Amino acid sequence: MKTSYVVLAAAFGIAHLVQSERQNRQRLALHAEEIHQELITEALSNPALRVIWTAPGKLPDEEYTKILHCNRLISFLSAKFRAGLLDTASLRVQARWVMARQAGRTYWAMLGGFREEEAVDRVDRAFNTIMADEHAAMVAVDAMAT
């Protein structure tokens, strides 16, 4: 067998392994997001559970419920971005839509820093940068309106 065929076969094998690993990571990320969404659903339907996760004296229950709904949406967008179902431009459109709402801006003002602290890779950092940029843009619009 010629060396070029062996090299080509090895390259194909490596490419297949890399693709398989990428798909496995995407599946794991989507499964983790599914579990996260279930936990948020449980917290939304169980006031006692919401109290456990709300910082003492931070927010009234109604406001924290809005934060949980926002967390649900932003986490979903993050999972879609990680899985490649949203590109940068489409994520920016979604982020702008979220930040156009007061609940989105409140969520990001309170928890955006935490999301940045827990970022594990360039995908998380890119997501957070886009969300933070759109948050800052909408806060600037709010400031000009008042």
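The lining of the largest pocket draws at least two residues from each of helix 1 (3-45), helix 2 (47-53), helix 3 (61-82), helix 5 and helix 6 (122-145), helices being DSSP runs of H or I of at least four residues, numbered from the N terminus. The model is predicted, so that local features need pLDDT of at least 70 and side-chain atom pairs count only at pLDDT 80 or more, while totals for chains, interfaces and linings use all residues. Residues are numbered from 1 along each chain as its sequence is written, and side-chain values use heavy atoms, with hydrogens and water left out.

Of its 32 lining residues, His36, Asn71, Ser75, Arg115 and Glu118 are the closest to its centre. A pocket is an open set of points on a 1 Å grid over the protein atoms alone, where a 1.4 Å probe fits, with protein on both sides within 12 Å along at least five of seven lines; lining residues have an atom within 4 Å of a point. Volume denotes the space filled by probe spheres set on the points, which are joined across faces, edges and corners. By class, 19 residues of this lining are nonpolar, six polar and seven charged (nonpolar: Ala, Val, Leu, Ile, Met, Phe, Trp, Tyr, Cys and Pro; charged: Asp, Glu, Lys and Arg; polar: the others, Gly among them).

The second largest pocket has a volume of about 310 Å³. Helix 1, helix 3 and helix 6 each give two or more residues to its lining, and helix 1 provides the largest share, four residues. This lining comprises three nonpolar, two polar and five charged residues, including Arg22, Phe81 and Asp121.
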